[in-house]
Amino acid sequence: MNTINTIIFDLGGVLIDWNPRYLYRKIFKTEEEVSWFLENICTNEWNDAQDAGRSFEEATFELITKHPEWEQPIRAWYDRWQETIPGPLHETVEILKYFKNNSPHRLYALTNWSAETFPWALDNFEFLHWFEGIVVSGVEKTRKPFPDFYNILFDRYKVNPLQSLFIDDNIKNIEGAKAVGLHTIHFQSPAQVKTELQQLQLIPL
């Protein structure tokens, strides 16, 4: 791991606390109702298409056409999307800050995020400007875990995957990263990531 010269961070769920449950807990009365809605109406698969470039307008229209009885909570996904992001994950931001201030590692971000909302993130999270580059799925019209998305980062910024470490909270994205040659850490908590980075001798004990 001493050959690692580049650290690549996912954003949502790693550096930024994103979860649609924060919003839908305000709309539905029980956790069971929230879970049912997110598993059956505004699903991960539906959201993935927006991350890959589909417009909010098209996505909302499609879903309301299928489920008109759920129009109000469907519209809330984008009308109130900022309520899905309460703020940064401060402990992980501190890890990023260490790399920024105290190490020679190159820093990049690779995120599944809609092109329509990412400018808001850039305006609201200063630490996003610490990266040498950020590759955003909604801009590129492809996303993790597809190989072409990782390759955009490699080609654009001359990143060698064999000398790079990727941190992501989604196991499918971790598997996709391994398939293109990246070293990986599957994020489960800031403390766990810090411990693994220490074990790899990338940050001090």
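Helices here are DSSP runs of H or I with at least four residues, numbered from the N terminus. I kept that in mind throughout, since the model is a predicted one.

**Entry: the largest pocket**

I looked up the largest pocket first. It holds about 1100 Å³ of space. I found 38 residues lining this pocket, and the closest to its centre are Trp18, Asn44, Asn47, Asp48 and Asp51.

Which helices each supply at least two residues of the lining? I noted H1 (21–27), H2 (31–40), H3 (44–51), H5 (71–79) and H10 (171–179). H3 gives the largest share, with five residues. I then sorted the lining by class: 12 residues are nonpolar, 14 are polar and 12 are charged.

**Entry: His67**

Next I went to His67. I found His67 in the loop between H4 (56–66) and H5. Leaving out residues up to four places away in sequence, His67 touches Asn40, Ile41 and Ile74. I also checked His67 against Gln201, which lies 134 residues apart from it along the chain. Their C-alpha atoms are separated by 51 Å.

**Entry: H6 and H11**

Last, I took up a helix pair. H6 (residues 90–102) packs with H11 (residues 190–199) at an angle of about 30°, and their axes are 8 Å apart. Angles under 35 degrees count as roughly parallel, so I wrote H6 down as roughly parallel to H11. The crossing of the two is left-handed.

Which residues make the contact? From H6 I listed Glu91, Thr92, Ile95 and Phe99; from H11, Pro190, Val193, Lys194 and Leu197. By class, this contact has five nonpolar residues, one polar and two charged.

Conventions:
Residues are numbered from 1 along each chain as its sequence is written. This is a predicted model: local features need pLDDT of at least 70, side-chain atom pairs count only at pLDDT 80 or more; totals for chains, interfaces and linings use all residues. Side-chain values use heavy atoms; hydrogens and water are left out. On a 1 Å grid over the protein atoms alone, a cavity is a set of points where a 1.4 Å probe fits but cannot get out, and a pocket is an open set with protein on both sides within 12 Å along at least five of seven lines; lining residues have an atom within 4 Å of a point. Grid points are joined across faces, edges and corners, and a volume is the space filled by probe spheres set on the points. Ala, Val, Leu, Ile, Met, Phe, Trp, Tyr, Cys and Pro count as nonpolar, Asp, Glu, Lys and Arg as charged, and the others, Gly among them, as polar. Contact means heavy atoms within 4.5 Å. Axes are lines fitted to C-alpha atoms, for helices over the stretch in contact, and angles run from 0 to 180 degrees between N-to-C directions. Angles under 35 degrees count as roughly parallel, over 145 as roughly antiparallel, 65 to 115 as roughly perpendicular and the rest as oblique. A crossing is left-handed if the near helix is turned anticlockwise from the far one by less than a right angle, and right-handed if clockwise.
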